[in-house]
Amino acid sequence: MPSRSVSTGAPDTARWLLLGKDGRLSAYARAEGGLVRWTQERPGGPDWSGPDFFEVPDLTYLTLAQGADGYVHFIGRRERRDGDGKKLVDVMHTVQYQSGRPLMDWRSAGNPHTKMVERAPHLGDPAVAVDTAGTVHVFVRDGVRSVRLRREDKSGKWEGWKDLKSSEALDGIAAVVTSTGRIEVFAPTAGATEHWAQEKRGSQPQRADDIPLTTAPGSGTALETGEDRLTYYAVDALGKGVLAHRPAAGGPVVPLGGEPDPGPTAALRATVDGHDCTVLAHRSRSGRPAIAAFPTEDEDAGLWWAETGEPCLGSPALALDAHGRIVIAAIGLDGTLRLARQKEESGLALGAWVRA
């Protein structure tokens, strides 16, 4: 059996490298029987502690999100068997309040199919977003391919499940918070990408126009590229590389090329050579991380994908460290954390990859 301190792969999200309020980065990954965490020992420094193991039995899926307060929320899909061999599926949640600190106890957020229990085992993979008030929103594909929402109330208790009214959703829901606290949700289907958006923070997400993207489920992410404005990135289902679309602008789908595996695409805004740029990363078909950058909201300016590092397990992640340098992280084939960061000189040049 693999060591519990060795990762079995990146989480099911491209956001698994996160900057804490104390300026230290933390990386999270799947492991046999739970998850592991590495923590930077000082802001911007080269040394890391970990991996620390946290037991989470029966976890089949793991995603996470960070609130404006720095708290990291973990959402997982748990699948067990009762004494009669019947499959029991629910959504689990916990939180980490500070970098390097223990996780709180996991608690169940339940399953929307409490009455039609025959549908409960078919619950899909969850997504999570935390608005600027700290309210946790969990989205999940249910047993009839609709999208359900459950969120915490002000006292920390879970509200009832709400049906966002779909009938074609696949796994791979993405939920993202804007700087104003609004949440937008994207769900792939066989023919397009469904889209919901809050009019203001705390309101019920409303169905918006579908996005004309047929994407590989689980490959989508969104990034705020203008004030309260998102750009959605995902991998084309027909193998034509990464695609971009800005729902608020209603413009065309922009092809960005690359040869990605159908996993999550990491997206980050950063200053490169004094310019506001968008940096993207994914795992290429060769299994290695690939990275590219271009002026934010100017995809037509062109971009060049560069493979870097060694083959990895799951998708790479991007973050800015305490000094504003771009950091790319990946889980090596040996289950260890590997990182490279932007060099001091100009451009997107990365330093050598190191093992944490």
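Author: Let's start with a term: a strand is a DSSP run of state E with at least two residues, numbered from the N terminus. Two strands pair if DSSP finds at least two bridges between them. You are looking at a predicted model, in which local features need pLDDT of at least 70 and side-chain atom pairs count only at pLDDT 80 or more, while totals for chains, interfaces and linings use all residues. Residues are numbered from 1 along each chain as its sequence is written, and side-chain values use heavy atoms, with hydrogens and water left out.

Reader: How do you know that β11 and β12 pair?

Author: Strand β11 (residues 136-141) is joined to β12 by 5 bridges, and pairing asks for at least two, so they pair. They run antiparallel, and Val-138 has Arg-150 in β12 as its bridge partner.

Reader: And what joins β12 to β13?

Author: There are 2 bridges between β12 and strand β13 (residues 162-163), again antiparallel. That meets the requirement of at least two, so these strands pair as well. Leu-149 stands opposite Lys-162 in β13.

Reader: Why is β12 called mostly covered?

Author: Buried means under 20% relative accessible area, exposed means over 50%, and partly exposed is in between (1.4 Å probe, protein chains only). In β12 (residues 147-151), 5 of its 5 residues are buried. In a regular strand the side chains alternate between the two faces of the sheet. Here Val-147, Leu-149 and Arg-151 are buried on one side, and Arg-148 and Arg-150 on the other.

Reader: What makes Arg-145 stand out in the hairpin of β11 and β12?

Author: The hairpin has 5 residues between its strands, and Arg-145 there takes a positive phi near 65 degrees. Most residues other than glycine have a negative phi, and most peptide bonds are trans. Arg-145 is not a glycine. With a relative accessible area of 35%, Arg-145 is partly exposed.

Reader: Where does Asp-58 lie?

Author: Asp-58 is in the loop between β5 and β6 (59-66). Although not a glycine, Asp-58 has a positive phi of about 65 degrees. Its relative accessible area is 40%, so Asp-58 is partly exposed. In strand β5 (residues 48-55) you will find Pro-51, and the peptide bond from Gly-50 to Pro-51 is cis, with omega near 10 degrees.

Reader: Why is Ser-219 called buried?

Author: Its relative accessible area is 0%, and the cut-off is under 20%, so Ser-219 counts as buried. Ser-219 is found in the loop between β17 (206-207) and β18 (221-226).

Reader: Which backbone nitrogen does the side chain of Ser-219 reach?

Author: That of Val-235, at 2.9 Å. The side chain also reaches the backbone oxygen of Ala-216 at 2.7 Å. A polar contact is a pair of N or O atoms within 3.5 Å; within protein, one must be able to donate a hydrogen and the other to accept it, and residues adjacent in sequence count only if both atoms are side-chain atoms.

Reader: Why is one side of each of β26 and β29 left without a neighbour in the sheet?

Author: The open sheet has 4 strands in the order β26-β27-β28-β29, with antiparallel pairing. β26 (317-320) and β29 (354-355) stand at the edges, each with a single partner strand, so one side of each has no neighbour in the sheet. Strand β28 (residues 337-341) and β29 pair over 2 bridges, and Arg-338 stands opposite Arg-355 in β29.
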